[in-house]
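Colleague: I would like to learn how to read a model of this kind. Could we go through it one feature at a time?

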Amino acid sequence: MGDSQQHYVERWISRALRIGVWSSAALMIAGLLVVWISGSTPAMPSENPSPGELFSQLFSSSVNGVTLMFSGLVLLMLTPFLRVLTAAVGFLAEKDVKFVVVSCVVFCMLLGELIFSLR
Amino acid sequence: MTFSSLLLLFFGGIVVGTMGAMLGLGGGVFLVPFLALVFGLPMHQAIATSILAVIATSSAGAAMNVERHIVNLRLGMVLEIATVIGAIFGGVSANLLSGPVLAKIFAALLLSVSCMMIWGTRHRGPDGTTFQNGAFPGSYKDEATGTVVTYTVKRVPFAMLVSLVAGNISGLLGVGGGIFKVPAMHMISGVPIKAATATSNFMIGVTAAASAFIYFAHGHMNPLIAAPAALGVLSGSFFGVSINRRIRGDALAWVFAVVLLLISLRMFWR
């Protein structure tokens, strides 16, 4: 395993985490600003929207502060998924099969929890 | 909810995030009592909000520590198998327990954290007993001394067991669990304290994500509460880390240990 290769993997994991955290923070800040500018807090949906519903609402004309904040939270919850997936790809690039398997095991458990919770 | 409540959540998040980072505990230990006692939030919602704050602070901190090579990536990934299993069970069992029961378990956790902090100020063992013939070799440059620290990890199964328990506490109570993992990795497995702290912090984001969707599915995540609180804790964690670099001392640990003890009593008789 080359040292430079490992630096490459670590850089990618670091980048994945930064993208996840700052884009989710930007969505949450945007949501708070929309609530502040509109001067009223919109009513909470009676049921939690699914990530798919949030995604379609986000790009529709009915987007409001709560939708933006909700999307930011879901993106934040998905950031560790992205980090584990990036690690798996990184270890694959290093041809470190053992840790590709370890990353995949962690990812499958997270995915199992996600599917089990939202089913 | 009024806009002033959102601001209070944000600034409250800054204060508890700063306090948590100053002690290296993460925000959860102070955020859950803040939300439950000051805001009167149900325990499940307070824990769910804390889990989101933990993901945010862990991810932001890990982004820096991974690049600086302080995190032992391979050790972290292996221990995550245990923390994720623990967190899933913790998340499922938390949603089977009532709020008052969770509050009492949380009070017991605060009590043990408080005792560990006091114990830590009185029993400071020799630092830097590293092993060179174990697993997961790691090395990083210690910025304080300018030297390169190399080490390997001993007693990995024990570290996995502690990680399982820490993951369970994370899923059940919404805290990171670093207070248990860091001493175990450092004192039992021979991981230098900086690497142990960074690796633990790296793991808690994934650990928290393992129970986050369980709370989400049960409707415990209120974006109007979680978004400002998570943003506040994230901002506070940056202040806390920079203050932590300048202020160190047992007096601080004692003050916070007493504060945690009082919060613990208040949570117990909530």
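Colleague: Leaving aside its neighbours within four places in sequence, which residues is B:Ala253 in contact with?

Modeller: This is a predicted model. B:Ala253 is in contact with B:Met117, B:Gly120 and B:Thr121, once neighbours within four places in sequence are left aside. B:Ala253 itself is found in helix 10 of chain B, residues 250-268.

Colleague: Is B:Ala253 buried, exposed or partly exposed?

Modeller: The call rests on a count of C-beta atoms, with 20 or more others within 10 Å needed for buried and 12 or fewer for exposed. B:Ala253 has 17 other C-beta atoms within 10 Å, so B:Ala253 is partly exposed.

Colleague: What does the radius of gyration say about chain B?

Modeller: The value is compared with that of a compact globule. For 270 residues such a globule would have a radius of gyration near 18 Å, and chain B agrees because its value is 18 Å. The C-alpha trace of chain B spans about 55 × 35 × 30 Å along its principal axes. Of the 270 residues of chain B, 57% count as buried; in chain A, buried residues make up 36% of 119.

Colleague: Where in chain B is a helix that is mostly covered?

Modeller: Look at helix 2 of chain B, residues 28-38, where 9 of the 11 residues are buried. Among them are B:Phe30, B:Pro33 and B:Phe34. Just after helix 2 of chain B comes B:Gly40, which has a positive phi of about 65°.

Colleague: How should I read a pair of packed helices?

Modeller: Two packed helices are described by the angle between their axes and the distance between the axes. From helix 4 of chain A the residues include A:Met109, A:Leu110 and A:Glu113, and from helix 8 of chain B they include B:Val206, B:Phe213 and B:Ile214.

Colleague: How many residues of each chain are in contact across the two chains?

Modeller: 42 residues of chain B are in contact with 42 residues of chain A. On the chain B side, helices 1, 3, 4, 8 and 9 each supply at least two residues. That side divides into 34 nonpolar, 5 polar and 3 charged residues.

Colleague: Which residues touch the most other members of the largest nonpolar core?

Modeller: In soluble globular proteins, nonpolar side chains tend to be buried together. The largest nonpolar core here has 123 residues, and those touching the most other members are A:Leu73, B:Leu52, B:Ile55, B:Ala56, B:Ala212 and B:Ala230. Helix 8 of chain B gives the most to this core, with 15 residues. Not counting residues up to four places away in sequence, B:Ala230 touches A:Met28, B:Leu52, B:Ala53 and B:Ala56.

How values were computed. Residues numbered from 1 in each chain as written. Chains lettered and ligands numbered in written order. Predicted model: local features only at pLDDT ≥ 70, side-chain atom pairs only at ≥ 80, totals over all residues. Contact = placed C-beta atoms within 7 Å. Helix = DSSP H or I, 4+ residues; strand = E, 2+ residues; numbered from the N terminus. Nonpolar A, V, L, I, M, F, W, Y, C, P; charged D, E, K, R; others polar. Rg over C-alpha atoms; globule rule 2.2 N^0.38 Å. Core = buried A, V, L, I, M, F, W, Y, C linked by C-beta atoms within 7 Å.
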